[in-house]
Amino acid sequence: PGIFFLNQSIKTTMGCCGADDRGPLDLGAKPKSGCGACTDVFFALLFLICLGGSAIVAGFAYSRGNLDNLFVPVGANNTFCGQGVNTGFPKFMWFNYLNLGDGGTCVSACPDNLTCPSAAPPITILPVPTGTDTISCTMLGTSGLHTVPVFAGKFISVAGRCLPFASNKTVNYVTDRVNMAVTDTARSWRAILINVFIALVLSYIFVWIMGKYIGCLIWSAIIIMLAGLVLLGGYGVWYAATLTKRA
């Protein structure tokens with residue numbers, strides 16, 4: 001019903017907020033003078049200019065910047081993992097998986113089969129068995145001791161980062177969370193139904209607004225997107241210039 005209502009109510013042009021006499025499928029008819037007669041051309045040229053500027057900024061950032069800043073992790077010695085002094089240590093392991101803000105270090109491989117990997121200097125990893133299915137990797141470095149529990153199972157590498165996977169503790173944690181979600185749903189089904197009703201009403205209000213002011217909304221979205229591209233491109237140029245100065 002909402003889509004039918006929207007299709008029947010949209011009679012606006014892309015150049016203004018008001019409606020003209022054209023039907024929704026009258027694509028070949030020309031707009032009345034003063035209502036979308038020339039604004040489409042202006043904004044189309046503006047859009048093409050912004051696209052060209054974005055392409056120039058992207059090319060400059062790609063040629064002068066360093067994509068490793070986005071994808072390659074940095075170890076405790078402020079060097080990319082697998083490069084320079086960290087050659088041979090391509091993976092990254094956090095000190096505390098419950099608080100990733102504590103940082104981490106580059107390691108030779110992700111922990112697997114109750115083994116601790118070797119770490120890039122100045123970090124030293126000491127394996128400490130704590131049970132039949134658990135081992136702790138104690139990391140000794142300039143910032144103190146960091147103990148990382150490595151449970152029976154396997155760590156996987158995602159974008160060069162070591163993440164715990166398929167361990168006993170992970171399975172138990174996920175199971176507990178699922179049970180908690182089912183219990184919460186059973187207790188709060190009335191509130192869920194009320195929220196669904198409110199969302200339905202708001203969606204019909206949104207469809208009505210779209211039918212009345214679709215032209216203004218679309219052009220506002222395009223202008224905001226273009227402004228965002230300009231700001232993002234400016235930040236990229238500034239960041240690339242900063243990296244070039246540091247190099």
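Let's start with Asn86, which sits in the loop between helix 3 (68–71) and strand 1 (91–94). Helices (H or I, at least four residues) and strands (E, at least two) are DSSP runs, numbered from the N terminus. This is a predicted model, where local features need pLDDT of at least 70 and side-chain atom pairs count only at pLDDT 80 or more, while totals for chains, interfaces and linings use all residues. Residues are numbered from 1 along each chain as its sequence is written, and side-chain values use heavy atoms, with hydrogens and water left out.

Is Asn86 buried or exposed? Its relative accessibility is 0%, so Asn86 counts as buried (buried means under 20% relative accessible area, exposed over 50%, partly exposed in between, with a 1.4 Å probe and protein chains only). The side chain of Asn86 reaches two backbone oxygens: that of Thr79 at 2.9 Å and that of Phe80 at 3.4 Å. Setting aside residues up to four places away in sequence, Asn86 touches Gly75, Asn77, Thr79, Phe80, Cys81, Cys106 and Ala120, where touching means heavy atoms within 4.5 Å.

In soluble globular proteins, nonpolar side chains tend to be buried together. A nonpolar core here is a set of buried Ala, Val, Leu, Ile, Met, Phe, Trp, Tyr and Cys residues joined through side-chain atoms within 4.5 Å. The largest one has 11 residues, among them Met93, Phe95, Val107, Ala119 and Ile125. A second, separate core of 6 residues includes Cys81, Phe92, Trp94 and Ala120.

Now for the rings. Rings of Phe, Tyr and Trp (its six-membered ring) pair if their centres lie within 6.5 Å; planes under 30 degrees apart count as stacked, over 60 as edge-to-face and the rest as tilted. That rule gives 5 aromatic pairs. In one of them, Phe43 and Trp219 have ring centres 4.5 Å apart and planes at 35 degrees, so the pair is tilted. This pair links distant parts of the chain, with Phe43 in helix 2 (residues 39–64) and Trp219 in helix 5 (residues 189–246), 176 residues apart. Both Phe43 and Trp219 are buried.

Then look at Tyr235 and Tyr239: their ring centres are 6.1 Å apart and their planes at 15 degrees, so this pair is stacked. Both lie in helix 5, 4 residues apart, about one turn of the helix. Tyr235 has 47% relative accessibility and so counts as partly exposed; Tyr239, at 32%, counts as partly exposed too.

Key: A polar contact is a pair of N or O atoms within 3.5 Å; within protein, one must be able to donate a hydrogen and the other to accept it, and residues adjacent in sequence count only if both atoms are side-chain atoms.
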